[in-house]
Amino acid sequence: YVPYAQAPMRNLTIIVRTDVSARRVAGFMRDEALKMLPGMITVNKIQTGVDIVSNSTARFTFVGGQLSALAVLALVLASVGIYSVVSSTSSQRTHEIAVRMAVGSTEGQVVTLIVRQAMLLVGVGAGAGWLLALALVRLLGSLHYDARPLDSLVYLAAGGVFCCAGL
């Protein structure tokens, strides 16, 4: 600690903790600061702690929001792709399905076969995606303020969306 009169600085920050609203104390603090060092300082800006934290994290929050929007877009595009692959695979197997039905397979057996193979594709893709996400989560987690990098609900929701698209 060095007194201001001994080592004047251009920029001075005073931090005050109060039980009342910071906006109510701002005028009083300005007046007291000007009384303590008359003619030596000017009070330019008074901010609350919440304002300081939100200003310092605004860029990261913005980038995190953009990445979240892109992640949702990627989820939608991946779901459409999964649906397209499963639909195309099923439509290419119409002759096989007809032969199986003619040989005596029940409708349930054929549906089980198609759904099992679709879920195998979804499971392999989701597993690879989860492994890649776990590898990249530390990098991207640092871009978002107060983010939980291993949020199991997000991973389960993504897997659920992919499973629904595969059906």
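Predicted model: local features only at pLDDT ≥ 70, side-chain atom pairs only at ≥ 80, totals over all residues.
Trainee: How far does H2 reach from its first C-alpha to its last?
Mentor: Helices are DSSP runs of H or I with at least four residues, numbered from the N terminus. H2 covers residues 49–92, which is 44 residues. The expected span is 1.5 Å times one less than the number of residues.

Trainee: Where is the kink in H2 centred?
Mentor: The bend at a residue is the angle between axes fitted to the seven residues ending there and the seven starting there. In H2 the kink is about 50°.

Trainee: Which residues of H2 are buried?
Mentor: Buried means under 20% relative accessible area, exposed over 50%, and partly exposed in between, with a 1.4 Å probe and protein chains only. In H2 the buried residues are Thr57, Gly64, Ser79, Ile82 and Val86.

Trainee: Are H2 and H5 roughly parallel or roughly antiparallel?
Mentor: Axes are lines fitted to C-alpha atoms, for helices over the stretch in contact, and angles run from 0 to 180 degrees between N-to-C directions. The axes of H2 and H5 (residues 152–166) come within 8 Å and cross at roughly 30°. Angles under 35 degrees count as roughly parallel, over 145 as roughly antiparallel, 65 to 115 as roughly perpendicular and the rest as oblique. H2 and H5 are therefore roughly parallel.

Trainee: Which residues of H5 make the contact with H2?
Mentor: Contact means heavy atoms within 4.5 Å. From H2 come Leu75, Ala78, Ser79, Ile82, Tyr83 and Val86. From H5 come Ala158, Val161, Phe162, Ala165 and Gly166.

Trainee: Is Arg93 buried or exposed, and which residues does Arg93 touch?
Mentor: Arg93 sits in the loop between H2 and helix H3 (94–103). Its relative accessibility is 14%, so Arg93 counts as buried. Leaving out residues up to four places away in sequence, Arg93 touches Leu113 and Gln117.

Trainee: Is Gly104 buried or exposed?
Mentor: Gly104 lies in the loop between H3 and helix H4 (107–141). Its C-alpha is separated by 24 Å from that of Val86, 18 residues apart along the chain. With a relative accessible area of 54%, Gly104 is exposed.

Trainee: How far apart are Val2 and Thr57 in space?
Mentor: Val2 is in the segment before helix H1 (22–36). Val2 is exposed, at 53% relative accessible area. Val2 and Thr57 are 55 residues apart in sequence, and C-alpha to C-alpha they are apart by 30 Å.

Methods:
Residues numbered from 1 in each chain as written. Heavy atoms only, no water. Helix = DSSP H or I, 4+ residues; strand = E, 2+ residues; numbered from the N terminus.
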